Amino acid sequence: MLTPLWLELIEEGRRDGSIRTEYAGELSELLPLINFWLLPSVFPADADEIRHKCRIGTVDKQTKYVIK
């Protein structure tokens with residue numbers, strides 16, 4: 001359901017250079033799952049725990065984005 005919308009946005013980002021990936025399809029499937037994972041009504045978490053979840057990735061000036 002959401003995957004085609006995410007894919008469209010990711011492909012647009014690839015065209016304009018704001019997103020660099022060879023995995024547009026995979027990302028479009030993963031992003032809705034991450035959103036679901038961050039919902040405290042599904043996976044109970046307080047504000048600090050949600051912030052901690054959001055720190056999984058870090059921005060790096062050379063690679064732009066690195067998953068820890």
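Reader: Which residues does S28 touch, not counting those up to four places away in sequence?
Author: The model is predicted: local features need pLDDT of at least 70, side-chain atom pairs count only at pLDDT 80 or more, and totals for chains, interfaces and linings use all residues. Residues are numbered from 1 along each chain as its sequence is written, and side-chain values use heavy atoms, with hydrogens and water left out. A contact here means heavy atoms within 4.5 Å. With residues up to four places away in sequence set aside, S28 touches T3, W6, L7 and I10.

Reader: Is S28 buried or exposed?
Author: S28 is found in helix α2. The classes are buried (under 20% relative accessible area), exposed (over 50%) and partly exposed (in between), with a 1.4 Å probe and protein chains only. Because its relative accessibility is 1%, S28 counts as buried.

Reader: How far does the backbone oxygen of G25 lie from a polar atom of the side chain of S28?
Author: A polar contact is a pair of N or O atoms within 3.5 Å; within protein, one must be able to donate a hydrogen and the other to accept it, and residues adjacent in sequence count only if both atoms are side-chain atoms. From the backbone oxygen of G25 to a polar atom of the S28 side chain the distance is 2.6 Å.

Reader: What covers the buried residues of α2?
Author: Helices (H or I, at least four residues) and strands (E, at least two) are DSSP runs, numbered from the N terminus. In α2, the residues A24, S28 and P32 are buried. The cover over the buried residues of α2 includes α1.

Reader: How far apart are the C-alpha atoms of L31 and L7?
Author: L31 has its place in helix α2 and is partly exposed, with a relative accessible area of 28%. Not counting residues up to four places away in sequence, L31 touches W6 and I10. L31 and L7 are 24 residues apart along the chain, and their C-alpha atoms are separated by 9.8 Å.

Reader: Which residues is T21 in contact with, leaving aside neighbours within four places in sequence?
Author: T21 lies in the loop between α1 and α2 (24–37). With a relative accessible area of 17%, T21 is therefore buried. A polar atom of its side chain lies 2.9 Å from the backbone nitrogen of Y23. Leaving aside neighbours within four places in sequence, T21 is in contact with I10, R14 and L27.

Reader: What is the N to O distance where the side chains of E11 and R14 meet?
Author: Both residues lie in helix α1 (residues 3–16), three residues apart, about one turn of the helix. E11 is partly exposed at 25% relative accessible area, as is R14 at 36%. A salt bridge is a side-chain nitrogen of Lys or Arg within 4 Å of a carboxyl oxygen of Asp or Glu. The side chains of E11 and R14 form such a bridge, with an N to O distance of 3.5 Å.

Reader: Which residue does D48 meet in a salt bridge?
Author: The structure holds two salt bridges. R51 is partly exposed, with a relative accessible area of 45%. At 2.6 Å, N to O, the side chain of D48 meets that of R51.

Reader: How far apart are the end C-alpha atoms of α1?
Author: The expected span of a helix is 1.5 Å times one less than its number of residues. The 14 residues of α1 should therefore span 20 Å. The end C-alpha atoms of α1 agree with this, being apart by 20 Å.

Reader: Which residues make the nonpolar surface patch of about 590 Å²?
Author: Patches are made of residues with over 30% relative accessible area and no salt bridge, like charges being joined within 9 Å and nonpolar side chains (Val, Leu, Ile, Met, Phe, Trp, Tyr) within 5 Å. L2 lies in the segment before α1 and, at 45% relative accessibility, counts as partly exposed. The patch of about 590 Å² is made by M1, L2, L5, W6 and L9.

Reader: In what order do the elements of the protein chain run from the N terminus on?
Author: The protein chain has three helices and two strands. Of its 68 residues, 12% count as buried. Starting at the N terminus, the elements run α-α-α-β-β.

Terms used:
Areas by Shrake-Rupley, 256 points an atom, 1.4 Å probe, with all protein chains shown as cover.
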